[in-house]
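Here are my notes for your review. Please read them with the structure open.

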Amino acid sequence: MGAEEHKRKAPKKFRFAVITVSDTASRGEKEDKSGKFLVEELEKAGHERVLYRIVPDEKMAIIGAVVEAFEKGADVVVTSGGTGIASRDVTIESLRSLFDKELTGFGEIFRLLSYEEIGTAAVMTRATAGVIRSSGRAMAVFCLPGSFGAAKTGIKIILNEAGHVLKHGRE
């Protein structure tokens, strides 16, 4: 069965959570434009929001928000922020250990598209994705950089592939 046939059999709608990881946004010092954009785009595509959170760049806050998303029934979680190389960028380190399967291809495609947009600065992102399985469920998690440009680039991939990821993650 080819990728197109798999996509035809994949879920068309899902429940989602957006989690913004940002010290400054969590303190109310800056607006969360990227997270709000991600919510709007997912809702515009007909998906159901179950959670939107802004958390600081802290391991337990990030993990706690993802667990809350799972408990609220999210099929897909999109994080925004904390994927760079600064010492406070801990989204990947916080979530990688929860992944049953990591989707390195997501990060590769994200970096390819980013390279076309911002050039070699794309090497600075560690965007990734994975599937978390628990209690007979699977939840896809996509970790994006926090910039608005990254949200615009990432949402295209997510909207095209999230259902496909869920289909296989549930197998």
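1. The exposed side of H4. This is a predicted model. On helix H4, the face turned away from the buried side carries Met-60 and Glu-71, both exposed.

2. The buried side of H4. Ile-62, Ile-63, Ala-65, Val-66, Ala-69 and Phe-70 are buried in this helix. Viewed down the axis of H4, the buried residues fall within an arc of 160°, so they line one face. Their packing partners are strands S1 (15-21), S2 (48-55), S3 (76-80), S5 and S6 (137-144), together with helix H5 (91-96).

3. Length and end of H4. The helix covers residues 59-71, 13 residues in all. From first C-alpha to last it reaches 18 Å, close to the 18 Å expected at 1.5 Å a residue. Gly-73 follows H4 and has a positive phi, near 95°.

4. A residue in S3. Thr-79 sits in strand S3. Its relative accessible area is 0%, so Thr-79 is buried. Beyond its neighbours within four places in sequence, Thr-79 is in contact with Ile-19, Thr-91, Leu-95, Phe-142, Cys-143 and Leu-144.

5. Salt bridges overall. The whole structure holds 12 salt bridges. Side chains of opposite charge can pair when their charged atoms come close. One network of salt bridges links Asp-23, Glu-58 and Arg-88.

6. Asp-75 and Arg-170 form a salt bridge, with the closest N and O atoms 3.1 Å apart. Asp-75 lies in the loop between H4 and S3, while Arg-170 lies in the segment after helix H7 (148-169), and the two are 95 residues apart. Asp-75 is buried at 13% relative accessibility. Arg-170 is partly exposed at 45%.

7. A pair within one helix. Glu-41 and Lys-44 form a salt bridge, the closest N and O atoms being 3.0 Å apart. They are 3 residues apart in helix H3 (residues 33-44), so about one helical turn separates them. Lys-44 is exposed, with 64%.

8. Another salt bridge. The side chains of Lys-36 and Glu-31 meet at 3.6 Å, N to O. Lys-36 is partly exposed, with 37% relative accessibility.

9. A nonpolar surface patch. Ile-85, Val-123 and Met-124 make a patch of about 330 Å². Met-124 belongs to the loop between helix H6 (104-118) and strand S5 (128-134). Met-124 is partly exposed, with a relative accessible area of 44%.

Methods. Residues are numbered from 1 along each chain as its sequence is written. This is a predicted model: local features need pLDDT of at least 70, side-chain atom pairs count only at pLDDT 80 or more; totals for chains, interfaces and linings use all residues. Side-chain values use heavy atoms; hydrogens and water are left out. Patches are made of residues with over 30% relative accessible area and no salt bridge: like charges are joined within 9 Å, nonpolar side chains (Val, Leu, Ile, Met, Phe, Trp, Tyr) within 5 Å. Accessible areas come from the Shrake-Rupley method with a 1.4 Å probe; for residues, only the protein chains shown count as cover. A salt bridge is a side-chain nitrogen of Lys or Arg within 4 Å of a carboxyl oxygen of Asp or Glu. Helices (H or I, at least four residues) and strands (E, at least two) are DSSP runs, numbered from the N terminus. Buried means under 20% relative accessible area, exposed over 50%, partly exposed in between (1.4 Å probe, protein chains only). The expected span of a helix is 1.5 Å times one less than its number of residues. The arc is that of the directions from the helix axis to the C-beta atoms. Contact means heavy atoms within 4.5 Å.
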